[in-house]
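Me: I would like to go through a structure with you, one part at a time. Could you show it first?
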Amino acid sequence: MNATLVKLVYDVDIQGDILPRFDEILTAEAISFIKILHQKFEGTRQALLEQRQETQRQIEAGVPLTFPKETKNIRTTDWKIAPIPAYLEDRRVEITGPVDRKMVINALNSNAKVFMADFEDSHAPTWAGTIQGQINLLDANKGTISYQNPTSGKRYKLNDNPAILFVRPRGWHLNEKHVIIAGEPVSASLFDFGLYFFHNAALLLQSEKVPTFYLPKLEHYKEARLWNAVFTFAQEYLNIPTGTIKATVLIETITASFQLDEILYELREHAAGLNCGRWDYIFSFIKRFRNDPNYILPDRSAVTMQVPFMAAYAKRVVQVCHTRGAHAMGGMAAQIPIKGDEKANVAAFEKVRADKLREVQLGHDGTWVAHPGLVAVAMDVFDEHMPTANQISKTLPEGIITESDLIAPLKGPVTEEGVRMNIQVGLLYVSAWLSGTGAAAIHHLMEDAATAEISRTQLWQWIRFAVKLENGHTLTPELYKAYRAEEVLKIEQQEGHPTTWIAQLPRAIALFDDLVLKPDFTDFLTLEAYNFFE
């Protein structure tokens, strides 16, 4: 049955197919809740999105990024977030991934403390995939989720002690185009949050748990204020005490790193911590300073957590979180196990181990991995160096992080290899995304939308400033096209890429070329790519 024929709620059009079990999620009561969220908060969301554009205009006019003067009192006075529930105190290893049914089961069974089910960067938001994801999470909270591989017949079901489930809705900048309310698409953030909260909040409370969320891509403390207002209203709507929801904010934007105290303060009844979303943070750094030749970053592989501006960012997250009684969560280890090459596999695991050692010694209370095979590696490091549930009460890292520390330029070479890697990773990821795959294993790393954003943004900026490569050539549109043609041939000749990806390669090339070569910068790759979904 086509949903365009279904009118569940007045002034709401659902423009996507109603597949089996979708009616369990898209109930009249749930859609009414989404409609009310839209009516109450859409105006504020649009104003905040316009404020993002004004921030960019100010940066390009030479106005420096600073700690907000109007919130100095918040930064300099003594306050704490609300107490964290006891069962959330130990989050030492978290695994993230999309909301596909088998992946949800495997992640919950991975022995990680937390699974972040992702409707954002590792999710390709097809209509069917998004609603099926909500079904999968509802079944997971009921404890009834299972999956049978149609080819092998292998069955998957939950173990006795699954990870705690967090949910990441899509960012404020995204719409859910399949749900139209009074002629306007609904916010994807409100849609993802609203459906999950409406169907799962009471169920979780019956199990003595609380609804837990990760909030992506906030750029200003007022965006945290909006989430807090949404949480407060949603709890009142379902007659749940204010403060029941707990949320961790991903610090993924350069502007948010100047407002850490403020973000926690706005969410203080609902806050659980902050997370270093390193890949999106690099993307944001490039994007915000894209028109400044002093901020041309070297190859992505050179932008590690040890470089000054990244180290300052991580250190400040730990300092602020521990001052305010919140978890300071570390970043993603994107490595995945490498089958058939033991030497390369050992090297990958050592990289993860070193990264997690750096995090726990800095003071992080937990970390992320992208694959179940890396959970034990990260867990061993944190178990050895963090015998308590967290280290919020420990001495803070020494030294004050200044405004200039957070935006320290990073110089280094741009290489032909770096250009080619950005092209190949970008094309492969966009091909995967267009085929409905949001988390893609590419060259033994788990790539998502954030790393694809780095790839295309670096290329755009390098071409914009005609960067001279280490091989002596200047990166022009013509040289980019020549490299891209060669990388496409390599992709077509490589073994192991799913046929669904290769089928989308022509569309991926057209989209990627447009994003890289056009004079005007596009804020988010996924905004353009989403237009390809029906």
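This is a predicted model: local features need pLDDT of at least 70, side-chain atom pairs count only at pLDDT 80 or more; totals for chains, interfaces and linings use all residues.

Me: Let us start with Phe193. Where is it found?
Reply: Phe193 is found in helix H6, residues 188–206. Helices (H or I, at least four residues) and strands (E, at least two) are DSSP runs, numbered from the N terminus.

Me: Is Phe193 buried or exposed?
Reply: Phe193 is buried, because its relative accessible area is 0%. Buried means under 20% relative accessible area, exposed over 50%, and partly exposed in between, with a 1.4 Å probe and protein chains only.

Me: What does Phe193 touch?
Reply: Not counting residues up to four places away in sequence, Phe193 touches Leu37, Pro169, Phe213, Trp227, Val230, Phe231, Ala234 and Ile245. Contact means heavy atoms within 4.5 Å.

Me: Leu37 is in H2. How do H2 and H6 cross?
Reply: The axes of H2 and H6 come within 9 Å and cross at roughly 135 degrees. Axes are lines fitted to C-alpha atoms, for helices over the stretch in contact, and angles run from 0 to 180 degrees between N-to-C directions. The two helices are therefore oblique to each other. Angles under 35 degrees count as roughly parallel, over 145 as roughly antiparallel, 65 to 115 as roughly perpendicular and the rest as oblique.

Me: Which residue classes make up that contact?
Reply: The contact of H2 with H6 has 11 nonpolar, three polar and one charged residues. Here Ala, Val, Leu, Ile, Met, Phe, Trp, Tyr, Cys and Pro count as nonpolar, Asp, Glu, Lys and Arg as charged, and the others, Gly among them, as polar.

Me: What about H9 and H10? At what angle do they cross?
Reply: The axes of helix H9 (residues 278–288) and helix H10 (residues 308–323) come within 12 Å and cross at roughly 125 degrees. That makes H9 oblique to H10. By class, their contact has six nonpolar, no polar and one charged residues.

Me: Now a sheet. In what order do E1, E7 and E8 lie?
Reply: The three strands form an open sheet in the order E1-E7-E8, with antiparallel pairing. Two strands pair if DSSP finds at least two bridges between them. The edge strands, each pairing on one side only, are E1 (12–14) and E8 (184–187). E1 and E7 (residues 175–181) are paired over three bridges, and Ile14 stands opposite Val179 in E7. Helix H2 (residues 28–60) packs on this sheet and touches E1, E7 and E8.

Me: And E12, how many of its residues are buried?
Reply: Seven of the seven residues of strand E12 (residues 327–333) are buried. Three bridges join E12 to strand E11 (residues 271–276), and these two run parallel. Another pairing, also parallel and with three bridges, joins E12 to strand E13 (residues 366–369).

Me: Finally, where is Asn136, and what does it contact?
Reply: Asn136 lies in helix H5, residues 127–142. Asn136 is buried, with a relative accessible area of 1%. Leaving aside neighbours within four places in sequence, Asn136 is in contact with Val99, Asp100, Arg101 and Ile145.

Terms used. Residues are numbered from 1 along each chain as its sequence is written. Side-chain values use heavy atoms; hydrogens and water are left out.
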